[in-house]
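Here is a short briefing to read alongside your structure.

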Amino acid sequence: MNKEDIFAIVTRHTQEVIPALRGHQFQPTQSLRELGANSIDRSEIVMMTLESLALRIPLVETVKATNIGELVNVLHAKL
Amino acid sequence: MQSSDSSAVLVTGVGITSAIGHGAADFTAALLEGESNFAVMKRPGRQCSTGDEPPTTQFIGAEIPSFSPPDGLPASILRTASLSGQVALATLHEAWHDAKLADVDPVRIGLVVGGSNVQQRELTRAHESYRERPQFLRPTYGLSFMDSDISGMCSEVFGIRGFAYTLGGASASGQLAAIQAVQAVASGQVDVCIAVGALMDLSHWECQGLRSLGAMGSDEFADQPQLACRPFDRRTDGFIFGESCGAVVVERAGATTRAGVKPYARVAGWGVRMDANRNPNPSFDGEVGVIRQALQKAGFDAQSIDYVNPHGTGSRLGDATELKTIEEVGLKHAYINTTKSLIGHGLSAAGASELVATLLQMRAGKLHPCGNLDQPIDEACNWVRDRCVDHDIQRAVKISLGFSGINCAMCLERS
């Protein structure tokens, strides 16, 4: 799975958690926080992504990512 | 809103979601037609699959056939709301708009959600889904497993800032919530208070437990679900579950001024009495005591009551005890029907949903028929049998009882 695939999974789950973002043009430089995701939303998005990737890592390992692109990089490195 | 008594507590809004109708208009029409919707329950998590083919344990009940939240509720909240939470939001939405609460100071509005452990089916499904991979359990489970998530969601969506909490009282929860709301406005704690009887979302575990306990029917009508729910009938063999949620808005007369709000009734008296008993068995003394307590607080003579909405679950001992109570307190002359015979036993919701049914019958000037009341255990009661009756309720008594010895009663008067 490449980074583009992971980016698509993250943005799909972001739209599930924040339906107002349906149709939004996501950029890797955007942070989930600036897109309106509160801390619970962000945990939910990351957990849904980990589940989709069947990636068993602690949630805490993803918290350093400051935007979607960095989150994708962290997840890709763990695959 | 007009009332000659500034200390009067009035019901100014209602909301209802049930297996026979969503919203006051559809629900009233279905009640008066004597409609019901009992079948083998199909909602995921309500059948127990043992792995054998084909044995599964199934239960009879009345499930809400189609539910979609009203427009305007936030999709981001609805996504993680349980069925109980979604139905509470929808039912509160109706009551909120019925009572025209949009311009009331939110600090002067309270909310009491009746019911505890109401989301069991959703929890069971989450456990079954994540049993082999618990590390992927959704973080929002940490919020939503608590019933207080329902009062929290409701307070966020409607901007309620007075107080909001849940209150548990088994099958009396809905009416206990209403009594708590009445006391909150009567004391001046808030000007307006909403009571919601939350939908009790049973999983197969609770259904099995209630069957094993001997509380839930039906062995006798396993192949005829539409005949299984028959409170006060000689052939009843236990209560039959039904999904519902009821909401009432109560306020002190004159505490706020809003055009176009027409009270449903005045809450004249109420009572709560315990049997000092952990078990599910009813208490004649407790029931007699609580009805007399409510009548006394209202200042009503029993003879002036013209309608009783009983607890009436379909429990043989419970039904017989309740009718004996009604005779003892001098209410046998009053019309009596059983809302549970049409919508099933909502458990935590029952007291609120049946309070709404009482208020809507009061407004309609009609009393709904009973389902399956073929041979009443006491023919001498003033039953509304198989068709609705024209009657303008002047004074009503609503009874709610719960496991662990909880007895509640409320007196309503046409306002």
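Helices here are DSSP runs of H or I with at least four residues, and strands are runs of E with at least two. By that count, chain B of this predicted model has 13 helices and 19 strands.

**Overall build**
- Chain B has a radius of gyration of 20 Å, close to the 22 Å that the globule rule gives for 415 residues, so it is as compact as a globular protein of that length.
- Along the principal axes, the C-alpha atoms of chain B fill a box of roughly 65 × 50 × 40 Å.

**Surface and interior**
- Buried residues make up 59% of the 415 in chain B.
- The accessible surface of chain B is about 15,700 Å², and carbon and sulfur atoms account for 46% of that area.

- In soluble globular proteins, nonpolar side chains tend to be buried together.
- The largest nonpolar core has 47 residues, and B:Val14, B:Cys193, B:Val248, B:Leu359 and B:Leu412 have the most contacts inside it.
- Helix 7 of chain B (residues 173-186) gives this core its largest share, eight residues.
- This core lies between domain 1 (9-252) and domain 2 (267-413) of chain B, because both give residues to it.
- Another core, of 43 residues, lies apart from that one and includes B:Met41, B:Trp96, B:Ile109 and B:Ile160.

**A closer look at B:Val14**
- Beyond its neighbours within four places in sequence, B:Val14 is in contact with residues including B:Ala24, B:Asp98, B:Val248, B:Tyr264 and B:Leu359.

How values were computed. Residues are numbered from 1 along each chain as its sequence is written. Chains are lettered from A and ligands numbered from 1 in the order in which they are written. This is a predicted model: local features need pLDDT of at least 70, side-chain atom pairs count only at pLDDT 80 or more; totals for chains, interfaces and linings use all residues. Side-chain values use heavy atoms; hydrogens and water are left out. A nonpolar core is a set of buried Ala, Val, Leu, Ile, Met, Phe, Trp, Tyr and Cys residues joined through side-chain atoms within 4.5 Å. Buried means under 20% relative accessible area, exposed over 50%, partly exposed in between (1.4 Å probe, protein chains only). Domain bounds come from an automatic or database domain assignment. Contact means heavy atoms within 4.5 Å. The radius of gyration is taken over C-alpha atoms; the globule rule is 2.2 Å times the number of residues to the power 0.38. Accessible areas come from the Shrake-Rupley method with a 1.4 Å probe; for residues, only the protein chains shown count as cover.
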